[in-house]
Protein chains: 2
Amino acid sequence: MKIIPGGVTAPIGFKANGLYCGIKKSKKKDLALIFSERMCDAVGVFTTNKVQASCVVINKEHLRDGRAQAIIANSGNANCMTGESGFDNSRSMISLTAKLLRIHSKDVLVGSTGVIGKPLPIKKILDAVPELVKGLDRDGSELAASAILTTDRAAKQMAVEFPIGKRRVRIGAIAKGAGMIHPQMALNPPKHATMLCYVTTDAVISHGALRDSLDRAVQKTFNMITIDGDMSTNDMVIVLANGTAQNEKIVEKTEEAREFGRALETIFLNIAKAMIRDAEGATKFVEVNVRKAQSREDARLVAKAIASSNLVKCALFGSDPNWGRIAAAVGYSGAHVDPWKIQIYLGKELVLKNGGRVKKKTVLLNRVFAQKNIKIAVDLGLGKYSATAWTCDFSTSYVRINSAYRT
Amino acid sequence: MKIIPGGVTAPIGFKANGLYCGIKKSKKKDLALIFSERMCDAVGVFTTNKVQASCVVINKEHLRDGRAQAIIANSGNANCMTGESGFDNSRSMISLTAKLLRIHSKDVLVGSTGVIGKPLPIKKILDAVPELVKGLDRDGSELAASAILTTDRAAKQMAVEFPIGKRRVRIGAIAKGAGMIHPQMALNPPKHATMLCYVTTDAVISHGALRDSLDRAVQKTFNMITIDGDMSTNDMVIVLANGTAQNEKIVEKTEEAREFGRALETIFLNIAKAMIRDAEGATKFVEVNVRKAQSREDARLVAKAIASSNLVKCALFGSDPNWGRIAAAVGYSGAHVDPWKIQIYLGKELVLKNGGRVKKKTVLLNRVFAQKNIKIAVDLGLGKYSATAWTCDFSTSYVRINSAYRT
């Protein structure tokens with residue numbers, strides 16, 4: 001597998017575009033479009049929040065037939081809790097896009113991200129769609145990636161190429177996410193996101209294999225990051241597979257499906273980590289490894305409890321190696337734990353063992369927490385399951401950013 | 001029911017004391033004692049965190065016979081995750097106190113609050129116990145209340161008096177709590193606190209009535225407040241009832257038991273609100289009312305999700321009436337909700353109805369969120385159950401306080 005340039009337009013047969021249509025006060029790009037020349041197999045995972053934006057509700061309908069060909073998305077407004085007219089507005093975006101692309105409305109998906117509860121300035125959007133469609137380009141990924149950002153400092157895109165049989169296939173993605181990040185996304189219907197991630201691939205792949213790969217990769221990556229613990233109403237990851245690579249069809253439970261899954265997971269992990277590095281107000285990047293849990297779910301619960309703890313995150317901000325807060329989070333995670341068996345490592349330093357501290361020089365621990373990249377590891381000493389979560393510190397800047405996001 | 005002075009020493013037959021023994025760098029009081037001249041019926045609720053301080057574990061043992069006569073508590077060190085020696089230290093505090101008070105060790109309870117994982121300076125404590133016991137006084141409640149504080153700005157105590165039959169009975173309490181506050185306390189064994197609350201009463205009351213009253217009052221008060229979402233390893237509420245008021249015994253499910261329960265709830269609510277007003281870095285006091293939920297549990301889930309949302313709390317800090325974040329929290333609360341039926345009020349202003357905003361002048365909503373006391377109400381439109389939670393805003397000061405708590 002090799003990393004290639006081009007984002008969502010790296011896979012053959014995809015075009016993209018992004019422009020400023022007038023939603024954002026900052027006058028930054030706020031409207032994006034991704035289009036495949038051929039019909040795609042399409043799957044999506046969506047927020048499990050029960051309050052869902054119209055884009056989430058409509059996409060679930062449109063994906064029922066497992067097909068789609070275009071995604072139009074705006075930033076600067078979530079079009080959520082905007083009543084019936086919110087739904088009408090999402091549908092207007094879809095139908096004009098479909099008309100200009102000469103495809104069916106039900107093959108167009110829609111995304112929105114930004115403030116909740118404010119009517120979408122639909123006229124501005126519709127006025128810009130013709131130019132958006134006209135500008136679709138094989139090199140348009142970066143424009144699209146920029147146009148879906150909100151408080152993000154940098155655009156997020158990535159593409160990889162790898163062999164399937166005698167052919168080479170490509171997967172590309174663009175994403176955004178810097179606040180209201182605590183994704184818990186699931187297939188629809190859910191087995192188990194404010195982040196958007198749009199993925200394209202030219203692989204020929206069965207719907208089942210695409211679904212499995214997406215679900216598995218999301219569980220281990222996006223669903224294991226947290227910035228502020230607030231699950232969004234608009235989270236979605238959508239994959240469009242147009243089959244132009246002409247490889248032998250990838251089907252479920254084969255080595256090729258696993259290869260495709262690994263490639264997808266590589267992209268998601270890379271983007272998930274980029275979201276944490278770009279998190280609102282973040283000054284540190286933190287990886288939490290949990291091992292020897294009784295079940296995978298327990299490992300995930302503990303990793304996410306530590307990653308979500310405000311007190312742990314304030315300690316990280318202050319470079320204060322207060323591991324007692326980590327122990328408290330392990331205890332309230334909901335997982336099965338035995339306090340006497342918990343081991344806690346800050347970096348490589350073991351600090352808790354047999355229910356009590358392992359005395360270390362304060363200066364040594366301070367040094368670990370003063371770094372920009374910090375690893376916390378917890379060994380539960382009970383079973384064989386592991387999980388990793390990623391988070392950032394909780395800074396005074398985060399509070400400042402989020403105390404005046406709307407106004 | 002009338003409010004009377006005296007805290008835990010307002011009920012007849014109780015004495016208290018508090019002093020500085022050397023734990024806190026600030027040289028503020030850090031060791032407290034409450035003592036009843038007569039044996040008490042005693043019940044407690046404790047943190048449901050699976051990592052529990054030795055004081056929590058030992059108190060559960062000591063309360064198995066439903067009796068106790070004294071409580072010794074230190075602040076500045078949680079004596080949690082301090083290994084076997086942590087347990088030995090808690091037991092040393094107990095046995096010396098018992099010896100000097102000429103009572104059994106199993107009738108002494110112990111409490112600790114402060115940093116987790118640091119060995120307790122037991123010699124300093126034991127050296128101070130004789131003076132602590134010697135200074136026990138009918139007017140010692142305030143000293144004891146001061147000695148259990150950590151980051152609290154003010155001591156918390158309250159007492160009430162009310163008639164039971166022909167007699168007057170009294171309930172008094174002292175408490176602390178300003179950070180790591182997200183109590184979920186339960187009777188042991190648990191049906192369902194970093195806060196300490198010690199309660200005394202001179203009422204004659206059956207063990208069952210005392211248990212019921214405590215559990216019910218805690219569920220509606222302490223378990224409905226949150227400051228930072230982090231559940232402590234040391235939370236506890238203990239009630240000592242010494243029966244000196246000589247009232248006719250209060251038994252379960254009588255009007256007298258309900259009267260006692262209401263008095264206890266009044267004290268707990270007052271103290272719980274005081275904890276929020278005194279919360280680390282808080283600039284605002286926020287009440288979240290949820291009504292018309294399908295179940296009591298659903299009402300509680302929604303109220304606590306809003307009260308715990310970092311984004312809602314940042315918006316409160318910034319006086320930014322971003323109610324979309326409230327809607328998102330309702331959606332991820334885990335409760336059964338229908339987005340089209342949710343109504344959200346900021347103060348008296350209805351802002352969400354029929355899935356979309358009710359347009360209000362921005363200046364009007366800004367005014368609501370600029371106040372020091374804010375009410376948020378959510379009507380789920382589904383059932384008949386209600387719940388109330390209390391919280392504070394999330395300030396840059398909170399982050400500053402908690403980024404350097406230990407060092």
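Which residues of α6(B) are buried?

1. The buried residues of α6(B) are B:Glu256, B:Ala257, B:Phe260, B:Gly261, B:Ala263, B:Leu264, B:Ile267, B:Phe268, B:Ile271, B:Ala272, B:Met275 and B:Ile276. A residue is buried if 20 or more other C-beta atoms, placed from the backbone, lie within 10 Å of its own. Helices are DSSP runs of H or I with at least four residues and strands are runs of E with at least two, numbered from the N terminus.

2. On provenance, this is a predicted model in which local features need pLDDT of at least 70 and side-chain atom pairs count only at pLDDT 80 or more, whereas totals for chains, interfaces and linings use all residues. Residues are numbered from 1 along each chain as its sequence is written, and chains are lettered from A and ligands numbered from 1 in the order in which they are written.

3. Helix α6 of chain B spans residues 255–277 and reaches 33 Å from its first C-alpha to its last, close to the 33 Å expected at 1.5 Å a residue. That expected span is 1.5 Å times one less than the number of residues. The buried residues of α6(B) pack against elements of chain B including β6 (156–164), α5 (207–220) and β16 (385–392).

4. Chain A is divided into domain 1 (2–277) and domain 2 (285–402), with bounds from an automatic or database domain assignment. The C-alpha centres of these two domains of chain A lie 32 Å apart. In chain A, 11 residues of domain 1 are in contact with 13 residues of domain 2, contact being C-beta atoms, placed from the backbone, within 7 Å.

5. Between the chains, 55 residues of chain A are in contact with 56 residues of chain B. The largest share of the side of chain A that touches chain B, 8 residues, comes from α9(A). Of the interface residues of chain A, 100% are also interface residues in chain B, so the copies meet through the same surface.

6. Chain A can be laid on chain B with an RMSD of 0.0 Å by a turn of 180° and a shift of 0.0 Å along the axis, superposed by least squares on the C-alpha atoms of residues with pLDDT of at least 70 in both. The two copies are thus related as by a two-fold rotation axis. In chain A, the C-alpha nearest the axis belongs to A:Thr396, 2.3 Å from it.

Note on methods
Contact = placed C-beta atoms within 7 Å. Buried ≥ 20, exposed ≤ 12 C-beta atoms within 10 Å, placed from the backbone.
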